[in-house]
Amino acid sequence: MTDTVVLTVTDGVATIAMNRPERRNSFTVEMADGLLDSLERAENDPAVRAVVLTSTGAHWGVGRDNADTAPPPYPPGDHLKGRTALLHYTRLVHFMYDMNTPTIAEIRGGCAGAHLSFAMGCDFRYADTSAVMSTAFVKVAFAGDLGSCWHLTRLVGPTKAKELMLLSPKLRGREIADWGLVNEVLPPEELTAKVRDTALRLAALSPHAVASTRRNLQAAQTLSLGDYLPLEAETYASCAASPDAEEARAAFIEKRAPRFGATA
């Protein structure tokens, strides 16, 4: 892990902060590697029940660092090297999707390009009124990366996704929530508290049930009902057989908060 990404863990919540404020947290290969390393550490730490993805400075992140040219991440005219460079980043997208631990994006300031795609990969997204979101890809002659079209089509539907990708409007403040890109837009002074509260609420739940619910929700986007129901039955049975289910039952009878195990 490098100084471009900072990981801390408190009260069952891992906070991962992108840390290039002098460059508006623009993406580099080093940052992508740091994010993947931090996510892997959080996922494999039995004490971590939720992950908050945030940033230092005034901006969540403004996409790829166009000044990062030594060597250039997408060499002009070299299709193979360009594809290989992008696939290096996409390990991050796959890992986030497959995690058992839920992720929460805390977004302020500029959120564009690859950073918007990265945010869309989180389970929860909260922004403050300073946020400005744009896909931005077509404006710099690109078609998108880090699963941009895949995430947006599922989040806002194909019609709005086409508008966001092809016309690349700048969405500001509360209209970001109106488009369905975030769960809520809050005043700047309330953003961190809201994200922290959500993370702690998730951290108090059964990690096994949270992981199983994430898998069900992901499968529901692609499977037919006939294919989905056996998966749901399997995750239900797995939850029912877990120690967490017995702890939840005992806590209900004893009128106390459940104390769930440290592993999913």
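Which residues in helix 8 meet which residues in helix 9? I found that His208, Ala209, Ser212, Arg215, Asn216, Ala219 and Ala220 in helix 8 meet Tyr228, Leu231, Glu232, Thr235, Ser238 and Cys239 in helix 9, where contact means heavy atoms within 4.5 Å.

Before going further I noted that this is a predicted model, in which local features need pLDDT of at least 70 and side-chain atom pairs count only at pLDDT 80 or more, while totals for chains, interfaces and linings use all residues. Residues are numbered from 1 along each chain as its sequence is written, and side-chain values use heavy atoms, with hydrogens and water left out.

**Helix pair.** Helix 8 (residues 207-220) and helix 9 (residues 225-240) pack at an angle of about 180 degrees, with their axes 10 Å apart; the axes are lines fitted to C-alpha atoms over the stretch in contact, and angles run from 0 to 180 degrees between N-to-C directions. Helices (H or I, at least four residues) and strands (E, at least two) are DSSP runs, numbered from the N terminus.

I then traced an open sheet of six strands in the order 1-2-3-4-6-9, with mixed pairing; two strands pair if DSSP finds at least two bridges between them. Strand 1 (5-10) and strand 9 (184-186) stand at the edges, each with a single partner strand, so one side of each has no neighbour in the sheet. Strand 6 (residues 124-128) and strand 9 pair in the parallel sense over three bridges, and I noted leucine 186 in strand 9 as the bridge partner of aspartate 128.

Strand 7 and strand 8 run antiparallel and are joined by two bridges.

**Threonine 135.** Is threonine 135 buried or exposed? At 2% relative accessibility, I recorded threonine 135 as buried, which means under 20% relative accessible area (1.4 Å probe, protein chains only). Threonine 135 lies in the loop between strand 7 (132-134) and helix 4 (148-156). Leaving aside neighbours within four places in sequence, its contacts include Ala112, Leu152 and Ser168.

Terms used: Buried < 20%, exposed > 50% of the residue type's maximum accessible area, 1.4 Å probe, protein only.
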